[in-house]
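Here's a quick tour of a protein model, written for someone new to reading structures. Have a look at the picture first, then work through the points below.

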Amino acid sequence: MPKTAQKATTRAHANIALVKYWGKGKGRNVPATPSIGLCLDALKTETTAERLTKGPDRFSLNGKSATNSTKKKLKNYLDLWRRLKLIKGHFHIRSKNHFPQGAGLASSASGMAALATALSAFSEKNLSKTEISRLARMGSGSAARSIHGGMTALPTGKDPVAHQLLKPEEIPWGMVIAIVNTKEKKTSSRDGMNLSKETSPFYQGWLRQGKKDFSEARAAIVKRDLTRLGQIMEQNTLAMHGVMLSTRPPLIYWQKTTFTLWRLAEELRAKSLECYATTDAGPNVIFLTHRKDLKKLQKEIEKVPGVQKSFISLPTLGAKIINKT
Ligand code: PMV
């Protein structure tokens, strides 16, 4: 039986989806569409969990006490681990995001991956990466992908777990993140997805297309075919935003600069700088390109009025425990 910790610190990175998860299936936070994500070194979360002698659990995010809704969400997540008899007792959880959260930069992926990995240090069961990925998914679908690092796939199914498609060093591409706005979104992904399922007239078509995009993207990744992968990523992103826009009331995440940046990707391709755009549930745009073109691409992005800042990010490893006592 493994020795459980008193205190554990973990590090996890967010992953940006090239093929998106948007919609819930039946079961405990089961995705309705299969997805593929790329773990990025610039999007880092560090979490420390410390055992308390008595309850209640305490939560602080970026040095401040968490808001009531975040506290509720996190307490529910710890309750789930307690109900599954994976952990006992109460904890003080402190988490620091080294990038803007709730602005469509997948902070829930790194946050939940870091938390699930921290909780695993307190478990009397020796949890494998696969089991931790399943548990992370129950907190946030995209977090299941951040457990493994590199290029990771999360299929659908009854109780899916993510698996790695490529290790970071096998990936010939990187991303440039263009920050348009860092304000937290009004509707969480979880609520947005449920609303889309209930009200978007395009939702069924999205589910069908998502499956096709997933298998075609996998084939392009195996061949290291950026052109095909980039096309699928853009089309898949736009289909997801089509569903978001047609949700009632609509989920409109794009801003003026978001459009300008998508046009920029098209213009740069015409000038032989091969890059492709994607946008999650927020206004920011993330570009996929060859590693060798990252700096050139960043220069072009920074010329666009409305871009607050940009940063280059490379594929990186999955979640890990960096300190345990
Ligand atoms: O894992 P969640 O609940 O934060 O949802 C993620 C939704 C998207 O970021 C829009 C897409 C994805 O697959 O990461």
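This is a predicted model: local features need pLDDT of at least 70, side-chain atom pairs count only at pLDDT 80 or more; totals for chains, interfaces and linings use all residues.

**The chain as a whole**

- The protein chain folds into nine helices and 12 strands.
- Buried residues account for 55% of the 325 residues.
- If you take the contacts with a separation of 6 or more, 76% of them link residues 24 or more positions apart.

**Strand S8, wrapped up on both sides**

- Strand S8 covers residues 173-179, and seven of its seven residues are buried, so the rest of the structure largely encloses it.
- In a regular strand, side chains alternate between the two faces of the sheet.
- On one side of S8 you'll find Trp 173, Met 175, Ile 177 and Ile 179, and on the other Gly 174, Val 176 and Ala 178; both faces are covered.
- S8 also has strand partners: with S10 (residues 285-290) it pairs in the antiparallel sense over six bridges, and there Met 175 sits opposite Leu 288.
- S11 (residues 309-313) is another antiparallel partner of S8, this time over five bridges, with Val 176 facing Ile 312.

**Val 161, a loop residue**

- Val 161 lies in the loop that runs between strand S6 (151-154) and strand S7 (163-166).
- Is Val 161 buried or exposed? Its relative accessibility is 18%, and the cut-off for buried is under 20%, so Val 161 counts as buried.
- Leaving out residues up to four places away in sequence, Val 161 touches Thr 130, Ser 133, Arg 134, Ala 153, Leu 154 and Pro 155.
- Val 161 and Lys 303 are 142 residues apart in sequence, and their C-alpha atoms are 41 Å apart in space.

**Cysteines**

- A disulfide is a covalent bond between the sulfur atoms of two cysteines.
- How many disulfides does the structure hold? The count is zero.
- Cys 39 is buried, at 0% relative accessible area.
- Cys 275 is buried too, with a relative accessibility of 0%.

Notes
Residues are numbered from 1 along each chain as its sequence is written. Side-chain values use heavy atoms; hydrogens and water are left out. A disulfide is a pair of cysteine sulfur atoms within 2.5 Å. Buried means under 20% relative accessible area, exposed over 50%, partly exposed in between (1.4 Å probe, protein chains only). Helices (H or I, at least four residues) and strands (E, at least two) are DSSP runs, numbered from the N terminus. Two strands pair if DSSP finds at least two bridges between them. Contact means heavy atoms within 4.5 Å.
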